[in-house]
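Try each task before you read its solution.

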Amino acid sequence: MTGPSLADGRSPAGKKRRSGGGGGGERTASINSLDHDILCMVFSLLGPFDLAYCSSVCKFWNNIVSKSKLLQDLYYRRRGSYAHSSDMPALSQKPLRYYMREWAIQHHQSSLREGDVQVDQWKGHSIGVNQCRMKMGLILTGVGDKVMRLWSAESFKCLGEYAIPHAVSLIDYEFDESKIVGLIGTRIGIWRRGGQRSIFPSREGTFPKGLCLRYLDPEAIVGCEDGTVRVFDMYSRKCSRIIRMHSAPVTCLSLSSEQLIFSGSSLGSITISGLSSDERVATLRPHDRIGIKTLCFNPCSNLVFAGCASGYASCWDLRKMGVLWERRVSPNVLYSLGHMQYDTSTLVVGGIDGVLRVLDQSTGELVSSYIMEQPVASASSSGGIEKRKGRRLSEDAQIDSIPRAARPQITCLAVGMKKVVTAHNEKQIRLWKFH
């Protein structure tokens, strides 16, 4: 069952294991010994998120939640209708994950728009790092240090360290459940989660200076200084294609599951090409031609988002191949933007002024913006996690009057369920939690 972990960035099953104690067989026996009718009564008292977590504990609980239509009934009550509604037959045929996903996305959107914010900060590296990724309840940080570190997004415990070869620097990286793929110098490296590291052979793996990397199994795509995008097969460890995208350096990349490559350039244009056919699909040009710094593509809405060096954020609708909106959301460079998977409402952006902003994906309008307050508590027992309050800024807030200590530049961000992790070219990593 993947719904809750996909939407929340946590592992409810893992949470159950930590709190249960004892052996795995004893816990399973204890869970399954509960009477079906008793469980139905207990589950009927729960809300959607608690039900979602319970459905992920084991197959037995999942079957009870699913077959008793508890989630469907709760869905209709939340909509102001009930099980005998005329649209019940059509909706009830949808899989269980549909209901959990819809609730999760709505809860995430309202939290980012209106919720309170807590910022958990911890020292992740001995020197500053400027990149972070978050998925599957895990956070990976690096670039700047000679090591990448993998963290639990729930406990902030370091789960693994991955050393960078001394002679090269890490430029960009991606990760999945089994490995990390990184751009190191002019080579590609693979770190297995078990600890094994391998570097592409020099004859097949070298290329002009790479500036960015994205990974879509089984291929790694590298944006290069010469304006090309080079596609590497991870199994043969050879460059399979070279695609001419721009006449200027490729500064950022985004990929789609439909085999499309989106690339931004230092001259301010975005080119879309086919990954398999090498065919150029379209070129998107914002009105502001200063360099593209960050890109992301939302497959649910077919919208492409870009952040520029001048502080503009732009959006294109691929169905019309036209600009949907352009707004200057910051007086300075936008370094990073992103949204949670399946969310078609909110877009989070960050840049040199250190303000975390939430935009409406459809209009580009500013929904909310946040900075950190001063520390309110120190939790040395949990590994030196410093907890801070986040402060929502008013629309007329004077950013320049806010101390820089409260708004260090945001060099990278990643969005999860009611969470945003940020890197700041500092030793500290920050996780913003919206409630």
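**Exercise 1.** Find the residue that stands opposite Thr271, then place its strand in the sheet.

*Solution.* This is a predicted model.
Step 1: Thr271 faces Thr283, which belongs to β17.
Step 2: Look at the strands. β16 spans residues 270-274 and is joined to β17 by 4 bridges. The two run antiparallel.
Step 3: Widen the view. The open sheet has 4 strands in the order β14-β15-β16-β17, with antiparallel pairing.
Step 4: Check the edges. β14 (250-256) and β17 (280-284) each have a single partner strand, so one side of each has no neighbour in the sheet.
Step 5: On average, neighbouring strands here are turned by 20° against each other, direction ignored.

**Exercise 2.** Decide whether Asp172 is buried or exposed, and find what its side chain reaches.

*Solution.* 
Step 1: Locate Asp172 in strand β6, residues 170-175.
Step 2: Its relative accessible area is 6%. Buried means under 20%, so Asp172 is buried.
Step 3: Follow the side chain of Asp172. It reaches the backbone nitrogen of Leu213 at 3.0 Å.
Step 4: List contacts beyond four places in sequence. Among them are Gln131, Arg133, Val181 and Cys212.

**Exercise 3.** Describe the largest nonpolar core: how many residues does it have?

*Solution.* 
Step 1: The core has 18 residues. Val348, Trp432 and Phe434 are among those with the most contacts inside it.
Step 2: Elements giving two or more residues include α9 (96-114) and β25 (366-379). The largest share, 3 residues, comes from α9.
Step 3: Apart from this core lies another, of 15 residues, including Ile139 and Ala414.

Definitions and conventions: Residues numbered from 1 in each chain as written. Predicted model: local features only at pLDDT ≥ 70, side-chain atom pairs only at ≥ 80, totals over all residues. Heavy atoms only, no water. Buried < 20%, exposed > 50% of the residue type's maximum accessible area, 1.4 Å probe, protein only. Polar contact = N/O pair within 3.5 Å; in protein donor to acceptor, adjacent residues only side chain to side chain. Contact = heavy atoms within 4.5 Å. Core = buried A, V, L, I, M, F, W, Y, C linked by side-chain atoms within 4.5 Å. Pairing = 2+ DSSP bridges. Axes fitted to C-alpha atoms, helices over the stretch in contact; angles between N-to-C directions.
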